[in-house]
Amino acid sequence: MAETGETYKGEFYCVKCKEKREAEGNVVETNGRRMAKGKCPVCGTNLNRILGKA
């Protein structure tokens with residue numbers, strides 16, 4: 001995984017809470033696909049959102 005230096009602010013789905021949460025996360029790139037990684041503001045679980053190809 002390569003950090004791109006970008007940040008993503010938007011909706012993530014928290015699997016633990018089973019709800020959509022507004023959060024901010026760093027954008028990483030793996031195999032030509034971009035993914036945002038953040039933390040749930042309620043329970044602290046790691047959140048991932050696939051953003052698409054670079």
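Which residue of β4 does Ala 36 stand opposite? Ala 36 stands opposite Arg 49. The legends below place this pair in its surroundings.

The structure is a predicted model, in which local features need pLDDT of at least 70 and side-chain atom pairs count only at pLDDT 80 or more, while totals for chains, interfaces and linings use all residues. Residues are numbered from 1 along each chain as its sequence is written, and side-chain values use heavy atoms, with hydrogens and water left out.

**Figure 1. The sheet of four strands.**
The four strands form an open sheet in the order β1-β2-β3-β4, with antiparallel pairing. β1 (2–14) and β4 (46–53) are at the edges, and each has a single partner strand, so one side of each lacks a neighbour in the sheet. From one strand to the next, the twist averages 30 degrees; axes are lines fitted to C-alpha atoms, for helices over the stretch in contact, and angles run from 0 to 180 degrees between N-to-C directions. Strands (E, at least two residues) and helices (H or I, at least four) are DSSP runs numbered from the N terminus. Two strands pair if DSSP finds at least two bridges between them. In general, strands of a sheet pair through backbone hydrogen bonds, either parallel or antiparallel.

**Figure 2. The pairing of β1 with β2.**
β1 and β2 (residues 19–30) pair in the antiparallel sense over 10 bridges. Gly 10 stands opposite Ala 23 in β2, and Tyr 13 has Lys 20 as its bridge partner in β2. The hairpin of these strands has four residues between them, and Lys 18 takes a positive phi near 60 degrees there.

**Figure 3. The two hairpins that involve β3.**
Six bridges join β2 to β3 (residues 33–39), and the two strands run antiparallel. Asn 26 has Lys 37 as its bridge partner in β3. The hairpin of β2 and β3 has two residues between the strands, and Asn 31 in the turn has a positive phi of about 50 degrees. β3 also pairs with β4 in the antiparallel sense, over seven bridges. Their hairpin has six residues between the strands, and here Gly 44 in the turn has a positive phi of about 85 degrees.

Phe 12 lies in strand β1. With a relative accessibility of 2%, Phe 12 counts as buried; buried means under 20% relative accessible area, exposed over 50%, and partly exposed in between (1.4 Å probe, protein chains only). The largest nonpolar core has six residues, namely Phe 12, Cys 14, Ala 23, Ala 36, Cys 40 and Leu 47. Such a core is a set of buried Ala, Val, Leu, Ile, Met, Phe, Trp, Tyr and Cys residues joined through side-chain atoms within 4.5 Å. Not counting residues up to four places away in sequence, Phe 12 touches several residues, among them Ala 23, Ala 36, Leu 47 and Arg 49; contact means heavy atoms within 4.5 Å.

**Figure 4. Arg 21 in β2.**
Arg 21 is found in strand β2 and counts as buried, at 18% relative accessibility. Leaving aside neighbours within four places in sequence, Arg 21 is in contact with residues including Phe 12, Cys 14, Cys 40 and Val 42.

**Figure 5. The cysteines.**
The structure holds zero disulfides, a disulfide being a pair of cysteine sulfur atoms within 2.5 Å. For Cys 14, the nearest cysteine sulfur is that of Cys 17, 3.6 Å away. Cys 43 is likewise in no disulfide, and its nearest cysteine sulfur, that of Cys 17, is 3.7 Å away. Cys 14 counts as buried at 0% relative accessibility, whereas Cys 43 counts as partly exposed at 31%. Apart from residues up to four places away in sequence, the residues that Cys 14 touches include Cys 40, Cys 43 and Thr 45.

**Figure 6. Thr 45 in the loop between β3 and β4.**
Thr 45 has its place in the loop between β3 and β4. With a relative accessible area of 25%, Thr 45 is partly exposed. Although Thr 45 and Val 15 are 30 residues apart along the chain, their C-alpha atoms are separated by 8.5 Å. When residues up to four places away in sequence are not counted, Thr 45 touches Cys 14, Lys 16, Gly 38, Lys 39 and Cys 40.
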